[in-house]
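Dear colleague,

Please find the structure below, together with a short account of what was found in it. I would be grateful if you could read the two side by side.

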Amino acid sequence: MLSLLLLIILFVLLSQLIGHVATFYFSNALEKIKYKWPIGFFIILGLIQLVSFPLQYVYASMEAVSVVYTIVLVALCIGIIFTLYLMSHDQRKAIFKFKSECWLDYLLIGGFILFNFIICFSTNSFNDTNADQTFYITLVENNIDAAHINEILPLSGMVGKLNPLYNYQSFYLFLSYVVSISHIDAVLVMAWFVPCLLWITVATTFLNLISYFNVPKKWWITMSAFVLLWVFTDLYDYFVRYNGYGNNIRLFVFCYLIIGYLEYFKNQQFKQLFMYSLLWLSACSLQSTSLFLGIMLMVAYGIYELFYHRQNLMYPLIMSSFPLMLYLGFFLAYRSSAVIGYFIFILMILLIVIGCSEKMKERLNHFLYSKGMRWIIIMCIIFIGIISVRMTPHLDPSISFSPSQFISFLMDKYVFKFDQLKWYWEWHNVILILIRQILLILNLIVFVRWRKVDFNLRWLLTIQLILICIFYNPVMTGFISTYITGIVYPRISDIIMSLMLVLAIFAYSLNFRFMKQMIILAAILAFSYLGLKTVNYTTNSFNVIEDKSGYNYLYRMSQDLIDAGEALEKYIDEKDLERPTVLMTNYEISYFAHNYQLPYTVYHERLVNDEEYKANKQELYSMRMILKQSYEVDVEQQLQVPNLLEQNQIDFIVTTTAVAPWLTKTLKDIGTIIYENSSYQIYRLN
C-alpha cells in the first residue's frame, strides 16, 4: 500500500514539474492553461508513445522497452533540473504555490477525487468483467517480463501477435514498465494508479476549461459549470467502475488539442505545433479511437482553413498531424497492406522535403488553395455519400453501424422513455436526457446567432458543423463506420458536442436572461442527477459488497478470488507447464492470468445471444452453460461433461463451491483438486 501511494505521489510531482517546464518553453501555447498538471502528464505519455512506435513494430523484449523508457525518464529529469536553473525565483515558486483565491478550485479537485475514491472503496466496483478494462488489465499482465511484447493475446492468453488496432497503444506498455520497476502487483496498479491519474486529469481539466472561457468567478457558477461537465460526460460509471484503463482519459487530451488549434488559428506560431504533436502522440497512446477522431478533427480544421479562413496554415496543420500519420502508417501496414503503410511514410518524407524549400511549399499552397482543389473536395464528399447510401442495404452488422442504428442511438440519447422510471432513483436516466436536450436547444440557439458570438464560440460551432456534414449523419454512417470507425461510430459524438463547446455555450448563455435560466435549470438537474445516480449505484445489488469480512478493499475484489487466482498461477509455475488451457466462469480471476490460456473469455460472453456465432462453438457454449447452470442440467447433459472437456482440451477448471453436487463428483472423478477455499475450487483434469 505504501509503495503504491509513493508511486502515485512521485508521478503526480513529476507531471506537475514537466507541465511547468513545458510552459516555460511554450508560454504562448500554454499561458491560458490554469493548471499545468494534465499537460505534464500528457507530455510524458507523448514522449513514451514516440519511442514506443519502433519497439512495438518489432515486438521488442520488455527488457529493451524498460531500458528505453528509463532513458526517457532520466532525460526528462535532467531537463527539469536544467530548466529549474533557468527559471526565475518566482517561476520556481509558482510550481507548487497554493493561492488563497483558488480555494474553491482546490475544494472541487479534492472533493471530486475523494468522492470517486469513497465510491470505489466502499462498493464492489471492479467486478464488471464484461468491460474493455478486462482486455487492458490482461494486456498489462502479459507484457511483464515478456521476451516479445504484445505477442500474447489479452483475454485468451493465447500466443499470437496483437491486433494492430491495439498494438501501438503505449500507455499500457508503460504500465507494464511501471509494474516491473516498482514490483507492485499489476492489478493494484490498474485498480488505483490509473484511476488516480484519471481523477486528477478530469478535475483539473474541468477547471482549466472554466478558466479558459472566463466563466464568472462566483462560487455557485463555478460549481454549476464543474458539475454540469461532470454529468454531461456521462462518465459516472467510468470514473468509478470502468476507471482501470486509459480510454476515459482520451476525452480530456482532446480538450487541450482543441484549445491548442483554436489558439493557433488566432495567433500563428510554428513552435506551438510541436506541443500539439506531443498531445497527438499522447492521445494515440491511450486508445485507437484517438486515431480516427484525430483524423476527423484535422480534416475539419483543413476544410475550415481552405474554405473559410485561408491564411496559408494548411502546411503547418498537416505537419502537426504527423503523429497521426505515423500511427496510421504503422496501422495500415499491418491491417491492410504494407504498400499503403509505406506510401504514407513516403508522403511524410516528401512533406518534410517540401518544407525545406520555400518555392516548393509555395507551389503546394497554390495547389491546395486553388478553386479546383475546393471542387475536388466537394465532389469527393458527394461521391462518398453516394457510395455510403448504396452500400447501406449490404452492411455487415458485426463491423458496421447502419443509419437506422445511428438514428436509434440519437433517440436513446435525446428522447426519454417512461419505461425507464421503474423506481424513484432511476429518474436519473430521464434527468440526464433532459440535460442533453437543454444543451442541444442552447446549441441550436447559439448557432442561429453565429455572427453575433465571439471568435472562440464561432470557431467551435463551425468545426461542429463541418464534422456533422462530413462524418456524423445518416448518409455517411455506412461508409464511415465500415472503413474508418467500425461499430464504435457513436464515439464521434465526443468531438461533435465536445466539453469545449459545452463550456463555451455555458459561458455565453450567462449573458442572456432566458438562456441563463435554461443553463441554471441544467445545472440544478445535474446536481439532482449526481445525487440520484449515487443512490442508484451504491444500492444496486451488483455493486454491493456482500461479504465485507472476506473483501479485499485494496484489490477491490474478494480475497477468495485473489487467493484462487494466485494459487493457479503458482501451481502452473511450479509444475513448469507450458500455457495450459483453463476454463472458468468468473473472469475477475483472469486479471491475474499471464501463464495460461482461456478458451472461453469475455468476448465469447458478449456473443452468448448470437445464435449464428454459437453454432460454430457448440461444445464450448454447452460447457459454459453447464458450469453456470449446473442445477438445471438434465442427466443426459451430465453424462456429456467428460467428453465436452476432452473436446475442448481443458487442462484446468475453476468452479465456485456453489455448483451442483453431481458436477463436483464428476470433476473429482476425472480430475484432482489442487486448490480450494470457501468460494472456489480448482481442478486439474487427468
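In what follows, Ala, Val, Leu, Ile, Met, Phe, Trp, Tyr, Cys and Pro count as nonpolar, Asp, Glu, Lys and Arg as charged, and the others, Gly among them, as polar. The model is predicted, so local features need pLDDT of at least 70 and side-chain atom pairs pLDDT 80 or more, while totals for chains, interfaces and linings use all residues. Residues are numbered from 1 along each chain as its sequence is written, and side-chain values use heavy atoms, with hydrogens and water left out.

The second largest pocket holds about 1400 Å³ of space. (A pocket is an open set of points on a 1 Å grid over the protein atoms alone where a 1.4 Å probe fits, with protein on both sides within 12 Å along at least five of seven lines; lining residues have an atom within 4 Å of a point.) Its lining has 43 residues, of which Lys34, Tyr35, Lys97, Tyr106 and Ile109 are the closest to the centre. By class, the lining residues are 26 nonpolar, 10 polar and 7 charged. Helix H6 contributes the most, with 9 residues (helices are DSSP runs of H or I, at least four residues, numbered from the N terminus).

Leu530 lies in helix H27 (residues 513-539). Because its relative accessibility is 12%, Leu530 counts as buried (under 20% relative accessible area, 1.4 Å probe, protein chains only). Leaving aside residues up to four places away in sequence, Leu530 touches Val227, Trp230 and Tyr236 (heavy atoms within 4.5 Å).

In helix H15, 17 of the 21 residues are buried.

Key. Grid points are joined across faces, edges and corners, and a volume is the space filled by probe spheres set on the points. Helices (H or I, at least four residues) and strands (E, at least two) are DSSP runs, numbered from the N terminus. Buried means under 20% relative accessible area, exposed over 50%, partly exposed in between (1.4 Å probe, protein chains only).
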